[in-house]
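Open the model in your viewer and keep the sequence panel beside it. This tour tells you what to select at each stop and what you will find there.

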Amino acid sequence: MTMHAAGKPRLWLWLLWLALFFSAWGYLMLGRGLWPVALEHWPMALAMAIGSYAAGSTPMGGGTVGFPVLVLLFELPASLGRDFSFAIQSIGMVSASIFILARRQPIAWAMLKGAMLGCLLGLPLGIFLLAPLVPELWIKLLFAVVWASFGVLHLWRLQEIAGHSGMTEFDERWDFRLGLNIGVLAGALVVSVTGVGIDMVLYTALVLISRADLKIAIPTSVVIMAFASVLGVLIKVVLGPGLAPGVFENWLAAAPVVALGAPLGVYIVAKIGRKPTLLVVSTLCVGQFVWTLYSEQSVLGVGGMAVALLAVAICLFGFEHLRRFGARLAGERLEFVQTQAGTQKGTLLPELAPETSDSKASPL
């Protein structure tokens with residue numbers, strides 16, 4: 001699988017991006033007199049200080065915090081939370097992506113390119129055909145169910161996921177097709193409705209099917225979410241009805257925070273490790289699910305809450321199926337290489353390959 005070539009970091013590219021962004025933001029604050037508007041929405045800036053760190057250090061975008069804060073804490077429409085996720089991640093995830101690329105961190109390029117193309121096809125379809133039909137309550141529930149399932153997955157399988165080294169290498173055309181399918185489906189069915197999600201779906205494929213190291217999977221997920229967020233904003237502003245009222249005001253307050261916070265998450269997590277951050281964010285994902293059910297209990301009733309719990313269980317069943325499928329694929333690939341190359345046990349990425357490949361040869 002194609003990865004970044006080793007080379008000298010080019011952090012000046014990220015610093016140039018920051019200079020351009022803060023020049024534009026400063027013009028809005030001072031030249032257009034919007035400083036009072038930003039100050040009025042300071043709680044969102046505070047919330048996104050946490051959200052942006054999670055965006056850069058985990059496969060869960062800044063909308064993981066921004067959406068529930070706006071929708072559950074501030075009791076604003078779910079459509080506002082979705083559009084705010086698009087807008088704020090267009091700064092935070094882009095900033096983190098530029099930082100990742102400037103540092104030349106490893107990225108699963110074949111799957112990422114496929115996901116980008118798929119998102120380019122699926123996201124517009126979802127925004128124009130599906131999202132307008134989804135009621136506000138369903139937006140909340142879709143977000144709650146998807147994020148809760150990812151939270152439970154990590155609380156249950158974190159030790160195993162964090163223990164992956166390198167990445168089993170399959171045919172790049174297969175990786176591209178997998179990424180393409182992920183991009184179309186996640187873009188149309190999840191991102192168009194909630195404003196986030198393709199990053200976690202691609203990440204799941206990388207860690208469960210390809211057994212990817214978190215050093216590969218998380219940076220790849222950050223880049224795809226940056227792409228989807230910018231695409232979502234462009235579609236809504238240029239081709240669609242525009243962003244929901246209130247998005248711009250909250251964006252003004254939070255944008256400078258996420259421009260620095262997301263890359264800071266990328267940097268800090270490299271020093272302290274990813275497991276503590278993933279545990280905290282996973283707990284928050286489960287917590288927002290409980291909060292959603294509690295706040296909507298009068299509408300959902302016992303039956304609706306039971307259906308939501310069943311949906312989480314179905315997602316977890318799907319994750320377990322992907323995990324077993326990935327173990328089987330890795331084992332088949334390793335056996336094939338052994339028959340062709342004698343003592344060679346498997347083809348892993350050389351710069352991140354573990355000392356042995358035995359753990360990848362048998363299903364977990």
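Helices here (H or I, at least four residues) and strands (E, at least two) are DSSP runs, numbered from the N terminus. This is a predicted model, in which local features need pLDDT of at least 70 and side-chain atom pairs count only at pLDDT 80 or more, while totals for chains, interfaces and linings use all residues. Residues are numbered from 1 along each chain as its sequence is written, and side-chain values use heavy atoms, with hydrogens and water left out.

**Stop 1: two arginines in loops**

Stay on Arg211. It has this positive phi although it is not a glycine. Most residues other than glycine have a negative phi. Arg211 sits in the loop between helix 9 and helix 10 (214-239). Is Arg211 buried or exposed? Its relative accessibility is 4%, so Arg211 counts as buried. Buried means under 20% relative accessible area, exposed means over 50%, and partly exposed is in between (1.4 Å probe, protein chains only).

Now select Arg104. Its phi is positive too, at about 60 degrees, and Arg104 is not a glycine. Look for Arg104 in the loop between helix 5 (78-102) and helix 6 (109-130). With a relative accessible area of 25%, Arg104 is partly exposed.

**Stop 2: helix 9**

Select residues 198-209. These 12 residues form helix 9, and its end C-alpha atoms are 16 Å apart. The expected span is 1.5 Å times one less than the number of residues. For helix 9 that gives 16 Å, so the two values agree.

How many residues of helix 9 are buried? The count is 11 of 12, so helix 9 is mostly covered. Among them are Ile198, Asp199, Met200 and Leu202. Tyr203, Thr204 and Ala205 are also buried.

**Stop 3: the largest pocket**

Show the surface and find the largest pocket, with a volume of about 490 Å³. Of its 19 lining residues, the closest to the centre are Phe150, Val201, Thr204, Phe319 and Leu322. On a 1 Å grid over the protein atoms alone, a pocket is an open set of points where a 1.4 Å probe fits, with protein on both sides within 12 Å along at least five of seven lines; lining residues have an atom within 4 Å of a point. Grid points are joined across faces, edges and corners, and the volume is the space filled by probe spheres set on the points.

Which helix gives the most to this lining? Helix 8 does, with seven residues. Colour helix 7 (136-162), helix 8 (172-194), helix 9 and helix 13 (297-341): each supplies at least two lining residues. By class, the lining has 15 nonpolar, four polar and no charged residues. Ala, Val, Leu, Ile, Met, Phe, Trp, Tyr, Cys and Pro count as nonpolar, Asp, Glu, Lys and Arg as charged, and the others, Gly among them, as polar.

**Stop 4**

Select Glu160 in helix 7. At 19% relative accessibility, Glu160 counts as buried. Its side chain makes a polar contact with the side chain of Arg323, at 2.9 Å. A polar contact is a pair of N or O atoms within 3.5 Å; within protein, one must be able to donate a hydrogen and the other to accept it, and residues adjacent in sequence count only if both atoms are side-chain atoms.

Move to Arg323, in helix 13. Arg323 is buried, at 6% relative accessibility. Its side chain also makes a polar contact with the side chain of Glu320, at 2.7 Å.

Next, pick Val146, in helix 7. Val146 is buried, with a relative accessible area of 13%. The C-alpha atoms of Val146 and Cys315 are separated by 7.6 Å, though the two are 169 residues apart along the chain.

**Stop 5: cysteines and the whole chain**

Cys315 is partly exposed, at 26% relative accessibility. Cys285 is buried, at 1%. A disulfide is a pair of cysteine sulfur atoms within 2.5 Å, and the count by this rule is zero.

Finally, zoom out. The chain has 14 helices and zero strands. Buried residues make up 55% of its 364 residues.
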